[in-house]
Every structure is written in C-alpha cells, then in structure tokens.
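Biologist: I am new to this one, so please walk me through it step by step. I will ask as we go.

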Amino acid sequence: MTRKNTHRIDRLQHLLQREISEILNREIKDPRIKMLSVTRVIVSRDLSLAKVYFSTFNEEDAPETLTGLESSSGFIFHLLMKRLTLKTIPRLQFFIDTSIKYARYMEDRMKKIVKEGEDDQ
C-alpha cells in the first residue's frame, strides 16, 4: 500500500469516527444505545468495510448497546451517504472495544506485582 493510500485511509477513518459519533449523539433514538464513545474506526484497504469500535460508560450496557447499533447500522449508513461526498461508503460493523478493560486489568496486575515486591523486602 502506498503512502498516499495510507494517508487517505487514515483521513477516512477519522472522518467516519467523527460523523458516526455525531450521528449516534444527535440522530439515534434507540434506548438500547446508551452513553457510548466511538473509540476508533478501522477501514479495510479496499474501503468496503469499516470496523467501528466503541466503549460504554457502564460495561454491563455494552452487549445491549451492540445489539442496538447493529439494528441501527442501516440507518447510520443512510445518514453517512447523505452527509459525506464519497463515491462509496464502507459497510459498518460494530465491535465492543475491550482495550480499556484490558488496560485496567494490566494496571491492576502491575500494582499487585509492585506490592508483592515491596512486601518481600
């Protein structure tokens, strides 16, 4: 992949992240979609698919929110088509972003190791 294509995909990813976030905050009325943040969007090389990662304020709401996003994906796609002047809009797939949960887990593990090291001294 050329440098120009990489830059183009990066710009598209940021544009989609911003637009999808705005649509979710202002246009979607589905009660299953609760306080969420679009954490990143990864677009395939051929621009046919966009993986949209999100996190929720309350982790227990994530599966229900995912269900709501999946059922609203056609409407979100339609709004993106109206808002953006792109030849093609990638198909959207939504995923729960577990990186924050994993970072918390690793932080807790490191604290435990440091504490055990202090207890040994």
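Biologist: Is Tyr102 buried or exposed?
Modeller: Let me start with the scale: buried means under 20% relative accessible area, exposed over 50%, and partly exposed in between (1.4 Å probe, protein chains only). Tyr102 has a relative accessible area of 52%, so it counts as exposed.

Biologist: Thanks! What kind of model is this?
Modeller: Residues are numbered from 1 along each chain as its sequence is written, and side-chain values use heavy atoms, with hydrogens and water left out. Local features need pLDDT of at least 70, side-chain atom pairs count only at pLDDT 80 or more, and totals for chains, interfaces and linings use all residues, because this is a predicted model.

Biologist: Which pattern does the protein follow along the sequence?
Modeller: Helices (H or I, at least four residues) and strands (E, at least two) are DSSP runs, numbered from the N terminus. The protein has three helices and three strands. Read along the sequence, they give α-β-β-α-β-α.

Biologist: What is the radius of gyration of the protein?
Modeller: This value is taken over C-alpha atoms, and the globule rule is 2.2 Å times the number of residues to the power 0.38. For 121 residues the rule gives 14 Å, and the protein is well over that, so it is more spread out than a compact globule, with a radius of 18 Å.

Biologist: Which residue in the turn between S1 and S2 has a positive phi?
Modeller: Strands pair if DSSP finds at least two bridges between them, and S1 and S2 have seven, in the antiparallel sense. They form a hairpin with five residues between them. Most residues other than glycine have a negative phi. The one in this turn with a positive phi, about 65 degrees, is Leu47.

Biologist: Is Leu47 buried or exposed?
Modeller: Leu47 lies in the loop between strand S1 (36-43) and strand S2 (49-56). Its relative accessible area is 16%, so Leu47 is buried.

Biologist: How many salt bridges does the count come to?
Modeller: A salt bridge is a side-chain nitrogen of Lys or Arg within 4 Å of a carboxyl oxygen of Asp or Glu. One of them joins Glu22 and Arg26, with the closest N and O atoms 3.5 Å apart; both residues lie in helix H1 (residues 3-26). Another joins Lys111 and Glu107 at 3.7 Å. By this rule the count comes to ten.

Biologist: How many residues apart in sequence are the parts that Asp61 and Lys34 tie together?
Modeller: The side chains of Asp61 and Lys34 meet in a salt bridge at 3.9 Å, N to O. Asp61 lies in the loop between S2 and H2, and Lys34 in the loop between H1 and S1, so the pair ties together parts whose separation in residues is 27.
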